[in-house]
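Me: I would like to learn how to read a protein model feature by feature, with the general idea stated before the particular case. Could we go through one together?

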Amino acid sequence: MTEAAELPPAPEQAHEVFGERYADAVRYAELLAEAGVRRGLIGPREVPRLWARHLLNCAVLSEVVPEGVTVCDVGSGAGLPGIPLALVRPDLKITLLEPLLRRTNFLTEVVELLGLDHVTVVRGRAEEVMGKLTPVHVVTARAVAPLDRLAAWGIPLLRPYGEMLALKGDTAEEELKSAAAALTKLGAVETSILHVGEGIVDPLSTVVRVEVGESPGGVRFAAKRAKAARTGRARRRR
């Protein structure tokens, strides 16, 4: 294994972004640079750019997340963007959804260590938990999959009129165009590309926003949700 480089000091922008949770953000960065690398959750070459490319890049997503909503971070991995978002937004109720055990173990340790009482870790794939998790206002994701595939996993987890916010790179516009037909079938009613983090990150973080109507996931998933709801009510009556 390539030896991890040393974690650089937190930049001045970290104080501004994380505020009173700055010390927790530093601890999280240390955990990523140490246990995260050791367990294969993050590449050792990423350590020198953990702050700019990962923590701050994800934290500025908070600029476009509404107040007081529920969030599901799909394919959370080592907790990006879910953990930085949780550190800056205590008003949110966040679920970190991740299928791999070694990653969910790490996420659970981080959540407990940092005292993130508004964060829940769930092990599973998006297609497995649909109907089991309460639909959320916002789905977030970063570096999980191409947009059309990501949307097929994330959009069905939304409540009506919710939105998916996907952190993307230079391919955002191209991905959005190629996924247009798939997004429409999944119930998307509006899409846009946002740039966030002015004065914090350079280049700015690129976010693809996909807003849905009254049937997130389309007709097929609406039927699945209705069936899951009926099953849930029947269980509660027993």
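This is a predicted model: local features need pLDDT of at least 70, side-chain atom pairs count only at pLDDT 80 or more; totals for chains, interfaces and linings use all residues.

Me: Is Gly-82 buried or exposed?

Reply: Burial is judged from the relative accessible area, with under 20% counting as buried. Gly-82 has a relative accessibility of 0%, and therefore counts as buried. Leaving aside residues up to four places away in sequence, Gly-82 touches Asp-73, Ile-94 and Leu-96. One of these, Ile-94, is 12 residues from Gly-82 in sequence and 7.2 Å away in space, C-alpha to C-alpha.

Me: Which residues does Glu-98 touch, and how does its accessibility classify it?

Reply: Glu-98 belongs to strand 2 (residues 93–98), and because its relative accessibility is 1%, Glu-98 counts as buried. With residues up to four places away in sequence again left out, Glu-98 touches Gly-75, Ser-76, Gly-77, Arg-103, Thr-104, Leu-107, Val-122, Arg-123 and Gly-124.

Me: How many helices and strands does the protein have, and what share of its residues is buried?

Reply: The protein contains 10 helices and 7 strands, and 50% of its 238 residues count as buried. Among the contacts with a separation of 6 or more, 68% are between residues 24 or more positions apart.

Me: How should I read the packing of two helices, and at what angle do helix 2 and helix 3 pack?

Reply: Two packed helices are described by the angle between their axes and by the distance between those axes. Helix 2 (residues 22–38) and helix 3 (residues 50–59) pack at an angle of about 120°, and their axes are 12 Å apart. The two helices are therefore oblique to each other, and the crossing of helix 2 and helix 3 is right-handed. From helix 2, the residues Ala-25, Val-26, Tyr-28, Ala-29, Leu-32 and Ala-33 meet Leu-50, Trp-51 and Leu-55 of helix 3. Sorted by class, this contact of helix 2 with helix 3 has 9 nonpolar residues, no polar residues and no charged residues.

Me: At what angle do helix 2 and helix 5 pack, and which residues meet there?

Reply: Helix 2 packs with helix 5 (residues 101–114) at an angle of about 150°, with the axes 11 Å apart. An angle over 145 degrees counts as roughly antiparallel, and helix 2 and helix 5 are therefore described as roughly antiparallel to each other. The crossing of helix 2 and helix 5 is right-handed. Here Asp-24, Arg-27, Tyr-28, Leu-31, Leu-32, Ala-35 and Gly-36 in helix 2 meet Phe-106, Val-110, Leu-113 and Leu-114 in helix 5. By class, the contact of helix 2 with helix 5 has 8 nonpolar residues, 1 polar residue and 2 charged residues.

Me: Finally, which backbone features deserve attention, and where is the positive phi of a residue other than glycine?

Reply: Most residues other than glycine have a negative phi, and most peptide bonds are trans. Tyr-161, found in strand 5, has a positive phi, near 65°, and Tyr-161 is exposed, with a relative accessible area of 60%. The peptide bond from Leu-80 to Pro-81 is cis, with omega near 10°, and Pro-81 is placed in the loop between strand 1 (70–74) and helix 4. The bond from Asp-202 to Pro-203 is also cis, with omega near 5°, and Pro-203 lies in the loop between strand 6 (188–196) and strand 7.

Notes:
Residues are numbered from 1 along each chain as its sequence is written. Side-chain values use heavy atoms; hydrogens and water are left out. Helices (H or I, at least four residues) and strands (E, at least two) are DSSP runs, numbered from the N terminus. Buried means under 20% relative accessible area, exposed over 50%, partly exposed in between (1.4 Å probe, protein chains only). Contact means heavy atoms within 4.5 Å. Axes are lines fitted to C-alpha atoms, for helices over the stretch in contact, and angles run from 0 to 180 degrees between N-to-C directions. Angles under 35 degrees count as roughly parallel, over 145 as roughly antiparallel, 65 to 115 as roughly perpendicular and the rest as oblique. A crossing is left-handed if the near helix is turned anticlockwise from the far one by less than a right angle, and right-handed if clockwise. Ala, Val, Leu, Ile, Met, Phe, Trp, Tyr, Cys and Pro count as nonpolar, Asp, Glu, Lys and Arg as charged, and the others, Gly among them, as polar.
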